[in-house]
Every structure is written in structure tokens, then in C-alpha cells.
Amino acid sequence: MDLEGVISNNPIKRDSWKTVLTLAYQSLGVVYGDLSTSPLYVYKSTFAEDIHHSETNEEIYGVLSFVFWTLTLVPLVKYVFIVLRADDNGEGGTFALYSLLCRHARVNSLPNCQLADEELFEYKNDGSGKRNIGSSLKSTLEKHKVLQRVLLVLALIGTCMVIGDGVLTPAISVFSAVSGLELSVISREQHRYVEVPVACAILVFLFALQHYGTHRVGFLFAPVVITWLFCISAIGVYNIFHWNPHVYQALSPYYMYKFLKKTQRGGWMSLGGILLCITGSEAMFADLGHFSQLSIKIAFTCVVYPSLILAYMGQAAYLSQHHVMDSHYHIGFYVSVPEKIRWPVLVIAILAAVVGSQAIITGTFSIIKQCSALGCFPRVKIVHTSSKIHGQIYIPEINWTLMLLCLAVTVGFRDTKRMGNAAGLAVITVMLVTTCLMSLVIVLCWHKSILLALCFIFFFGSIEALYFSASLIKFLEGAWVPIALSFIFMIIMYVWHYGTLKKYEFDVQNKVSMHWLLSLGPNLGIVRVRGIGLIHTELVSGIPAIFSHFVTNLPAFHQVVVFLCIKSVPVPHVRPKERFLVGRVGPKEYRVYRCIARYGYRDIHKDDMEFEKDLFCSIAELVRSERLECTTRMEDLEDEKMTVVGTSSSNMDGVRLCEDDAGSSQKEGASSEVVEVISPQKPRKRVRFLVPESPRMDREAREELKELMEAREAGMAFIMGHAYVRAKRGSSFMKKVVINLGYDFLRRNSRGPTYALSIPHASSLEVGMVYEV
């Protein structure tokens, strides 16, 4: 299946109700697994130490009131009705908001952006060129580099906390589900010796299955979550009518006031446990690209939200009639489950915890891929586990790192109290970052008044700041874990971004002038041999220093030279018809071309053979369009003129490439003219262009296409730079540490570019260069 076709068609935006309801059903298993398992540990974490359940029931009613209004205001009002509308052409998440702001305010962190990128369909589709009432804010952001760095750091903090959540959520979800063993057949003295090994075994099994991809077991996800939601809501209804039918009165905000008045500081500190009722809410926005706004809204408002409210009310109804506590585990979820169905519920809870953990792990993979595409994370191996479902990926290095960290948290803490403190801080930090970025989106992207943005950040920011303070006060009781993890990942991401930026600045400052190329003449002052020399560079204009370094030291080069730049742009997807920017470098007789392949931060890079064909056809299409004065839009980049060319699959009326084994023959259709080359030597492959019949090309264009085909038959060599980055003399001590130690270590231990992994060693050549930045 053509993934690019799926992406470009974008079939999930305006669909029938049948499709919307199908997507809503699927979203229950992918998006809401984490949020639906929160009743397992919310009450247990809340009553762990700071407050105690008394016969007046003021504490349990107050907690229920806080849970109800928190679920109502944050997931329902903030995310469902407001944040989901701030999608980046259908994509969501922290980096989607940052990407949206980058386009509207031109605060992009990518160094090799071009004006031509602003002509992309998705770039223009969001109205980023409109002037609005927030123009003063926009100009302020564009002028001050410090504010741009603050915005980038804010996005990175949110990203790092999502990664931390990917460590903590599987640990607390699985451990809380397994904790039901303590009320089953295991004695109270021995349950601690069983819980941790069982939880660790389930976690190892969960991470070991990641390389198969979620699509292989995805059909089980939604039924498991639906069964779990039905169980907790049915148990909730039973407990309400059996134990306390008047528990609905606790939904009044008045009980929050009574709760804080009685418990005071202890009640404020217990908010860190109440906060866990909204863990997983960010997944509604982060996984938006796999579904649609309407499907996610329907699933939450009609199924998830009422089920969770009934579950929490049922637990509160049971606890309001049971005040004698032998130990803290009597506050847990399983004590309110009727004993006859406790074992089946335990099994369903473990399955639901695994599903919820799967969702956050997949989300972590996705956000790291986005960061890597935007130059904020070292390159890692990305495996696409499904050829039909876009966005399902597997990153081996991250998977095993998450597993080790998750096991360390489980073995180190061994109780839901400290795990809850850690997970709560990670969750609320991501929400605070989303609130801050959303306030800017309201002004810069939605063109609303600054007063409305201030009201948004004041209202929701105050709620989240209250929970954030309650979580931060638990620093020594587990909350230090997400801070430590985020600090480590933050250093990695910022060092990589800083080093990449400095390396690109060195390339720009040391690129070779066009006068140097013209002075060499058509033969470049050396022998031109048959074949194509493909030189990879990060530059989008000018001649890279690596080329002059090569020409100066070697006596021969290929007859066709292509400067290839594979870059990311701050949009989620680039349509296949806008994939390439192709142009000439120097006069036509030099046979030197530049090709820029553009990808969105969620695009899938095609396999190498197909990419090479598309690249070769794009150059041939440039030759044809120049001769025919085609209506294709031309973009001026310094002294070069670039043409937008699509991939072969998207440009059915363009030049087509056929490669046959030597000696084979193939019949052509009547609608195309076949340009063939008979080589003096027997080639390994015969390359032919299928060119549209009308209008016909002149002799000069046909000769150039013949040269391209001869070069293609002779083979292609890949020339890549092997950079040694060092801080220049006179740099500060901190810069030397960052560049010479940090960035150098990350470069040595990260993956090479994706396209370079499968290049035959016999066809590749590395040119070493020292970068003094």
C-alpha cells in the first residue's frame, strides 16, 4: 500500500458517521487505555499518608468532588472543546503546537529553512501568512532570539516529560493492577514478595512485544478497554445503590471547600494523588493524527467520561460506609470490588494496564521521531511496523532504555505512593506546557484577542499550577524521578540541537562561491568519468566545502554531479507532488544539479531504490520543463532557480523511468515516446525514460537526457562527509565541553542518516572534514 497516497488523501477528516464511529471505537483502545486505568491508584495514592479517612466522610467526599471537577475542567473542557481544535493539519502533541507557532511567527529552530517551504500546501492551508491582531506579539518573538530559545526550551521540557511519562505510566499501571493479588489468595506478609516479580515479568513481556507493532494485536485493544470501562462503571453503579445512593451530593464544589478547610496543608499535599485521575489526558491530543477530532470527542464524552465518574462515585460510596482500616491497601480499588468477581476483574485490569502502557510507549516513540526530524534529538533507528497504518513505529534503542528505566522504578519504589508522586509531576508539567503554548496559538494562529489568551492561561494555568505545587512538594518522595529523567534528556536534546546548528553555520560560512566553480570550466578542471556523483549536504544553496575538498585532492569526478539535501520542514506531512525542489548549479553544460527532498516531521522516508528513481526522474523532469517552459512554479533561491517536482507516483504526466536487465526488451504504450541509449559497452542495466509524447523536446534536451541515462547505467556513487566537530580556539570552557565532549559523543553513538544505512560499501565514499565551530 502506498503510504504517501494515504497521507496525501487524508481520509479521516470528513467522513461518514459510520467511519467516525469506527474511529471512535478504535480510539478507545489506543488513546484511553491510560486514562481508563486511573481508578486503580487514585484513591490509594491520595490517602497514602497526607490525609486519613474518617467517619465524617468529609475527606472522601472532598476527594470525590476534586476528582469530578478536575475530570470535567481539564480533559473535557480544556482538551475536548479547546485544545483538540489546535491541530497542526490533523496532527497533535507538544511539538505540533510548537511547529504551528514556528510557521506563524517564524521562530523555527531548523537552520535550513527556505522561502520556498512557505509555498507548501500545508504551510499555506493554515493561513500562516495572515496579519492579525497579535502582530505585535509576533514581531516581538521574531526579533528577540532569547524568546525563541525560551519557546524551544518550553517545547523540549514538555517533550522530556512525555518521555518520563513513558517510563512511569507502565510502572504504576501494571504495579497497581497486580496489587489486586494482595486481597486474593496471598497472605499479607507474602504479597510484597510476589507483586514486584510479577509486575516486572509483565513489563518485560510488554516491551519485548514492541517490535511486532501494535497493529498485530491492535484488534484486542478496544475490546479490552471497553470491557474494563463496563466493569468499573457496573461496579460503580452497584456500590452506589448498595452502599450510599446519596453520594452524588459530593459532586458539589462546596465539599472541596470543606475538604481543604478541614485538612489544610495535608489536603493540599494530597492533590498530587488526585491529579492522577487525569493522567493520560494528553494522549487525546498527542494521538490526534491517527483519528479525527470528532471521533475522539465522541469516545470521551459518551463512554470514557461517564464510566470514570461512575467508577469514582462507586468507590467513594463504598468507602463512605467502611471506616475501619487495618492498613492503607483497604483504600485501594480492589477492596470495593465484590469478592466473587475479584479474580476476573484482576485479569481484566492487568490487560487494561498493558493496553494503557502500550499507548504511552507508542506515543513516546512518535514524539522522539518528531524531535529527531526537527533536529532536536540524535538520530535513532526507526522501524515502521505497519505498511498500512501510518504512524506505528518502533525504536529499538528507546524501547530497551524505557524498559530498563521502568524496571528500575518498579524495583526501586515498590509502592504506588512514590510512583504516583513521580507520574503526577510528569503529567501536570506536560499540561502546563500545553497551556502556555496554547495561549500563544490563540493569539498567533487563531487571531483572537490577547485578553482571551490571558483568560485561558489564567483559568487553566491556575488549576494546573495548584496541582503542580502539590506534586513538586513531594520531590524527595518520588517526584525527583521525572525531574532527573527530564534533565538528562533535556541536556541530550539541547546539546544535539546546539551542535547541529553550529555545524550548519560552519557549512554556510565556508561554502564555495559560484565564481570558483565557473573558473574551473565545464570539466571542473579534472577528468569527468561516466556515472553520477551524489553528494549529500545540509546546504540548500551554494556549493558545499566538501566538494571543493574532493575536487582539490582527486584528479577525476563523475560526469553528472547532484548535490542532495534531505531536510525536514515544520509541517507534519509534505504532499508527494511537492516532494522535490530541483535546480541547476552553474551553466547547463556543467551537468551539476541540486535536489532538495522535503519531508514533514511525521512523514515516512521511502526505501532507497524508489527514492533514487524519484530523484533521477525529478532531474529529468527539470530538463523537460525547462525546454517546454512548463507552468510549474519556479522558486528563486539566491542565484539558483528551483522547480517543484513531485514523486513518480504523484506525477503521472511527467517523465517515467524504466530499468531493464541487459538484453531484455519491453513494449511501450502508444502514449509515450521512448528515449533509448545504446551504450558502447554492455551495461548491467538498460535505463530508459518514458517521456510524454506532446509536446516534443528539442535536440539539446534529448542529448542531456541521454547523458543522464548513460550516467545512470554506469552507476551511482554516494559521497558523504565524515565530520569531526571541534570548538575553535578561544571558545569558552562550557562550549568546549558541550562540543568536544557532549556533541562528539552523541555523533559517534547515534545512527547515520537513514538513506546511508543500506548504501553498498563499494558505492560509498566518505570525505573527512574538521569543523571548528
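Helices (DSSP runs of H or I, at least four residues) and strands (E, at least two) are numbered from the N terminus. The model is predicted: local features need pLDDT of at least 70, side-chain atom pairs count only at pLDDT 80 or more, and totals for chains, interfaces and linings use all residues. Residues are numbered from 1 along each chain as its sequence is written, and side-chain values use heavy atoms, with hydrogens and water left out.

**View 1. The whole protein.** The protein has 26 helices and 13 strands. Of its 773 residues, 58% count as buried (under 20% relative accessible area; exposed is over 50% and partly exposed in between, with a 1.4 Å probe and protein chains only).

**View 2. Ser357 in helix 17.** Ser357 belongs to helix 17 (residues 342-373). Ser357 counts as buried because its relative accessibility is 0%. Apart from neighbours within four places in sequence, Ser357 is in contact (heavy atoms within 4.5 Å) with Thr169, Pro170, Ser173, Val174 and Leu206.

**View 3. The packing of helix 21 and helix 26.** Helix 21 (residues 480-509) packs with helix 26 (residues 733-749) at an angle of about 100°, and their axes are 9 Å apart. Axes are lines fitted to C-alpha atoms, for helices over the stretch in contact, and angles run from 0 to 180 degrees between N-to-C directions. The two helices are therefore roughly perpendicular to each other, a term for angles of 65 to 115 degrees. Residues making the contact include Trp496, Tyr498 and Lys503 of helix 21 and Lys735, Tyr743 and Arg747 of helix 26.

Terms used:
Parallel < 35°, antiparallel > 145°, perpendicular 65-115°, else oblique.
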